[in-house]
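Hello,

Here is the structure I promised to pass on to you. Please have a look at it first, and then read my notes below.

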Amino acid sequence: IFWNTPIKWFAKSSGTTNAKSKFIPISNEALEDCHYKAGKDMLSLYFNNNENSQLLAGKCLRLAGSKELFNKNNKIYFGDLSAIVTENLPIWAEFSSTPSTKISLMTEWESKLNAIVKESMQDDVTGLLGVPSWMLVLLQSVLSHSKKKDLLEIWPNLEVYFHGGVNFNPYRSQYDKLLPSKDFKYYEIYNASEGFFAIQDQNNSDALLLMLDYGIFYEFIPMDKYGTHSEDDIISLESVAL
């Protein structure tokens, strides 16, 4: 109804307001011109700030969700956005990622966790990508299997963690113990089933750069009217002033 090409994917999202699942259509154009474009911008911003990075010399450890078949005849699927993104990754991204797509999309968590640990420990992991809560479980499992004292003993070239989805502050101290290096970097991203919105564009920053060329329409509310605003108070991007 709303888009002019076939929709084969629906991202299952509970949002931030309640536990009722919503199914958000994901088009091929949304993947290419929003989510994958954001991934390229994320890497570009990181390399711009870290010219000596060796991130692409190794592999990025990713943690994706699962998918399910919704309509067998039309081969329509639903699942976590991360599963949809992983399933459709361009080949260059697949070569630089661990674990394999087959393992990434496994549905049973314990089996999946063990498979990721087994495969990723054999790779030269230079980056991490995933939600802090689930990634922490994975990394602690890696450490337990390895019998090492921290992750840098397993992956000495590990240099950055791209994280999003939840507030990172409650997890920061636990990650600092797993990655005891003042040179290790954390980069926050703000992506959701509805779209990819913002990326940290500087080292050691709490600010995110709003990405304006991903086909997303933005509206804003002045902070002095937040909570009491009416439709007349809503402004477009061109009217925003610092």
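**What I found**

Asp213 is partly exposed, with a relative accessible area of 45% (buried means under 20%, exposed over 50%, and partly exposed in between, with a 1.4 Å probe and protein chains only). Before going on, please note that this is a predicted model, where local features need pLDDT of at least 70, side-chain atom pairs count only at pLDDT 80 or more, and totals for chains, interfaces and linings use all residues. Residues are numbered from 1 along each chain as its sequence is written, and side-chain values use heavy atoms, with hydrogens and water left out.

**Salt bridges**

There are 5 salt bridges in the structure (a side-chain nitrogen of Lys or Arg within 4 Å of a carboxyl oxygen of Asp or Glu). In one of them, the side chain of Asp213 meets that of Lys37, at 3.4 Å from N to O. Lys37 belongs to helix α1 and Asp213 to the loop between β11 (209–210) and β12 (219–220), so the pair ties together parts that are 176 residues apart in sequence. Helices (H or I, at least four residues) and strands (E, at least two) are DSSP runs, numbered from the N terminus. Lys37 is partly exposed too, at 28%.

Another salt bridge joins Glu94 and Arg62, whose closest N and O atoms are 3.2 Å apart. This pair links helix α3 (residues 91–95), which holds Glu94, with strand β3, which holds Arg62, 32 residues apart. Is Arg62 buried or exposed? Arg62 counts as buried, at 5% relative accessibility, while Glu94 is partly exposed at 21%.

Asp176 and Arg172 also form a salt bridge (3.5 Å, N to O). Both lie in helix α7, 4 residues apart, about one turn of the helix.

**A pocket**

The second largest pocket is lined by 21 residues, and Trp3, Pro25, Ile26, Ser27 and Ala30 lie nearest its centre. A pocket here is an open set of points on a 1 Å grid over the protein atoms alone, where a 1.4 Å probe fits, with protein on both sides within 12 Å along at least five of seven lines; lining residues have an atom within 4 Å of a point. Helix α1 gives the largest share of this lining, 5 residues.

**Leu63**

Leu63 sits in the loop between β3 (59–62) and β4 (67–71), and counts as buried at 13% relative accessibility. Its C-alpha atom is 16 Å from that of Phe168, 105 residues apart along the chain.

Happy exploring!
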